[in-house]
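Have a look at the fold below and let's walk through its strands and helices together.

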Amino acid sequence: MSKRAAPPPNASDAAGPEGQRFRDDLIRALGHAPRGGILLAVSGGPDSMAMLTLAQAGGVEGLHVATVDHRLRAEAAAEAAMVADHCRAIGVPHTILTPAEPIGGASIQAAARRARYGLLTDHARALGVDAIATAHHVDDQAETFLMRAARGSGIAGLAGVRARATVEGVTIVRPLLEWRRAELRAIVRRADVPFVDDPSNHDPAHDRTRFRRLIEGNEWLGPPQLARSATALAEADGDLRAIVDWLWGTRVRILDASIRLDAADLPREVLRRLARRAIGEVIATHAVATTQWSESANIEALLDALMSGRRATQAGVIASPHGPEWRFRPAPPRRSSSPAG
């Protein structure tokens, strides 16, 4: 069991109302008071360093800190060492996590995110903590909302960053979703806590940077209002998920190699979610070999076909209408042409 961390330098500046506010937000996001400790994901930026400062000020016990060095920038090792030095000074256990293989692919940022959460969830399981806490805040939420709106995302995408989520079986909480970027930076400055600014946050090659500049240059795009819209959509998305779970139990039959859905009189958004779930179940159950499927896959053409009485194939799964019933089964393997004799 870890000892209770000592207060940070000048912690009195962050203590009192701010520390209590953070503790309340953490409990709300987690759903209960921390019991087995919390792993804070701290990159060394002002937001995550403020989260660490507030967690101590709020008397959160069982704190552990992890910094992920993706090994994508030469400066990252020194930044992780800075966080380690600060944690050592304030008596909080700290670990630097690095990927076993170099990060690559078409989208470096997406690959880095997957690697980061993989490392953090593995470490959280090893520690046995209640959850991982990340430092996403109001401005992050507003940027995410606009980015996804520009891509034509549906309700689930526009819901943005959730206060609580599960990744690889580990709870992830975001206790700062009602905090602004400016107030978090002010906290670390007042407490004289070291931090670094990641230069990639200012690189216009990244979508997020461009949307950040858009918000900063247009005050009428209020981040709190955008974040509230994302929260409202997250609640609506949660309600829809509950409805889909109920309908899956009452409208779906699994017979032989097919999943059969009674699609009568259901709205398109509900059908979209049920069809996605059916396709995913067929792929998983029958080990359908595909690289073209995810829970956010576009299935509009398939829905159009089924609703007009035609069958369609997506990601190795055939969907066919039989009256009000839609049936999903693995597509037969394609015949390979014999070589000419």
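Before anything else, two strands count as paired if DSSP finds at least two bridges between them, and the elements themselves are DSSP runs numbered from the N terminus, with helices (H or I) of at least four residues and strands (E) of at least two. This is a predicted model, so to speak of local features takes a pLDDT of at least 70, side-chain atom pairs count only at pLDDT 80 or more, and totals for chains, interfaces and linings use all residues. Residues are numbered from 1 along each chain as its sequence is written, and side-chain values use heavy atoms, leaving out hydrogens and water.

Start with the open sheet: six strands in the order β3-β2-β1-β4-β6-β5, with mixed pairing. β3 (94-97) and β5 (164-167) sit at the edges with a single partner strand each, so one side of each has no neighbour in the sheet. From one strand to the next the twist averages 30°; axes here are lines fitted to C-alpha atoms, for helices over the stretch in contact, and angles run from 0 to 180 degrees between N-to-C directions.

Within that sheet, β1 (residues 38-41) and β2 (residues 63-68) run parallel, joined by four bridges, and Leu39 stands opposite His64 in β2. Helix α2 (residues 46-57) lies across β1, β2 and β4 (131-133), at about 150° to β1, where contact means heavy atoms within 4.5 Å.

Now jump to β7 (residues 252-255), which pairs antiparallel with β8 over four bridges. The two make a hairpin with two residues between them, and Asp256 in the turn has a positive phi of about 55°.
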